[in-house]
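Please look over the sequence and the model below before reading on. The text is meant to be read with both in view.

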Amino acid sequence: MANASVLPVCGPVDAVAAEKNTGIATANDPESPIRPVRYDDAAVFAAMNLTLLDEAEGNLDADDQDANQANQSPQLNPATPPPQPNEPSSSQQETASSGGQPVEYFVGIALAGHPRIQAARHRVAAATNVIPQANALPDPMFNNTFWPLHDQALQTAGGRVAHQMSLSQGVPWPEKLRSKAAIASREVQIAQAEVDRIEREITESVRIAYYELWYATRAIQIVDETTELVDDLTKVAEARYRSGGAQQDVLRAQLESDRLEDQRIQLTQQKQMAQADLAALLQQPVSMTPETSKELELSDASRQLDQLIASAETCSPELQGLAWEIQRDRERQRLACLQKYPDLQVGVNLSILSDDDNVLSGVANGHDNLSFTVGTTLPIWRDKINAGIREAAHRTNSTTNRMEAERDSLYGRLRRLLAQADSLVQQRQLYEERIIPRTEKTLQLSVADYRGKRTDFFSLIETYRELLMFETQLARFDASLATTIAKIDRTVGCP
């Protein structure tokens, strides 16, 4: 747990201690690059390969750099393939609409073109351009004092002063600039963690929409298969009616066929809604009608909780972002401590003298005067400085506690999701290996008994309804298990 308070320590920021407190390894050097992270084979790189402080000292001027970023802001690491365009080709749409695609296909499209990811990447690029601003000296100051009225001009022994020009430059304490650049570097890493978080969130949303679409498609397939069974039962009831059976059985069989048709209409509507949700995530709400593959590729959900927690400590974008926030706040605390040190002001002055007829001095020679100035700020208001140090310390403590709360919440979510996944695996196995085979066997015996007039049609219909319900429930288990695994992947944050 985090300490109750953070002392306003003004020494150098201890990266090792910070890593121990946050529980997440972070870069000690503020010039460390943001490294790209690939989530899966179909996804694009999540990060731009940004060299932080080195880029601030590059040879590109501001205009060239802005133009370069304007042209390449969606571009990722040069070693990374460029993102796919927002609009899939007609062949891609036809393939996605007819034959069906695995979930990774749609995840790749969403990650390549989703505007939320584009916006987050632009925020990273914008934060990167703050670094050279934070690392630069303030603009120099040029001043010129002149006297347009000769009789009111300042006169010296060397002659009349026509112009007094000065050029001055503020020079902050060297460590202040480095701390400001380090803070800007941490802001880039925080923004990059936000990119990772958004990509994981969109990946989860695409997967959930895909699994809902798969369930609706599978349920429609089950209804179609059951319709053939009801047609067979109707034929059996008609045959028994012709041999002296009750007409009520035929009508009940026809009613079951109508009920299946009604269920199919509802499932078709559910499928169309799932297609609309998935297409909206792919930025193709009108032109694309996505279809799923026949089988779900379920990953292993039986990993132990401690393995998931260890992975989350390393990969979770939320924890990574908070870790960088702690590093940023520590740098701010260091900068607040550096306000105790003075800033310098250096300059050069040039007085242009004139020895014309209007001068008063008899020894005027018109020799210009050159002088240099050196000044310093006086950080004497200690109450203000100490208040800034305490403010930075409290912000660091606040971020540390936020990270502890996020870690506890993440552990709780993983425990619930893992328990849910284990339960779904057991239920799926029970339905697939025992309940459905026994119900199918019971239905076969019920049909034979009905033909032999040893049971009534009501018992036969009840068995058929149970089989339909169990098969549909098995499909729901598959979709729910896949959704739970997607949520576990989102919570852990690893590829």
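The paragraphs that follow go from the overall chain to its cores, then to the disulfide and a surface patch.

The model is predicted. Its protein chain contains 13 helices and five strands. Of the chain's 495 residues, 42% count as buried. The chain exposes about 26,200 Å², and carbon and sulfur atoms supply 51% of that area. Among contacts with a separation of 6 or more, 82% are between residues 24 or more positions apart.

In soluble globular proteins, nonpolar side chains tend to be buried together. In this model the largest nonpolar core has 80 residues, and the members touching the most others are Phe 106, Val 206, Leu 278 and Tyr 464. Helix α8, residues 174-242, gives this core its largest share, 21 residues. What does Val 206 touch, leaving aside residues up to four places away in sequence? Its partners are Phe 106, Val 107, Ala 110, Leu 278 and Leu 281. Two of these partners, Phe 106 and Leu 278, are also named with Val 206 among the members that touch the most others.

The next feature is covalent. A disulfide is a covalent bond between the sulfur atoms of two cysteines. The structure holds one disulfide, and it joins Cys 315 to Cys 494 with an S to S distance of 1.9 Å. Cys 315 belongs to helix α10 (residues 305-315), while Cys 494 is in the segment after α13 (457-492), so the bond ties together parts 179 residues apart in sequence. Is the disulfide right-handed or left-handed? The torsion about the S-S bond is about 85°, so the disulfide of Cys 315 and Cys 494 is right-handed.

Cys 494 is buried because its relative accessible area is 16%. Cys 315 counts as partly exposed because its relative accessibility is 22%.

At the surface, Leu 344, Val 346 and Val 374 form a nonpolar patch, and together they have about 260 Å² of accessible area. Leu 344 lies in strand β4, which covers residues 344-354. Is Leu 344 buried or partly exposed? Leu 344 counts as partly exposed, because its relative accessibility is 41%.

How values were computed: Residues numbered from 1 in each chain as written. Predicted model: local features only at pLDDT ≥ 70, side-chain atom pairs only at ≥ 80, totals over all residues. Heavy atoms only, no water. Patch = residues over 30% accessible without salt bridge, like charges linked within 9 Å, V, L, I, M, F, W, Y side chains within 5 Å. Areas by Shrake-Rupley, 256 points an atom, 1.4 Å probe, with all protein chains shown as cover. Salt bridge = Lys/Arg side-chain N within 4 Å of Asp/Glu carboxyl O. Helix = DSSP H or I, 4+ residues; strand = E, 2+ residues; numbered from the N terminus. Buried < 20%, exposed > 50% of the residue type's maximum accessible area, 1.4 Å probe, protein only. Disulfide = S-S within 2.5 Å. Contact = heavy atoms within 4.5 Å. Core = buried A, V, L, I, M, F, W, Y, C linked by side-chain atoms within 4.5 Å.
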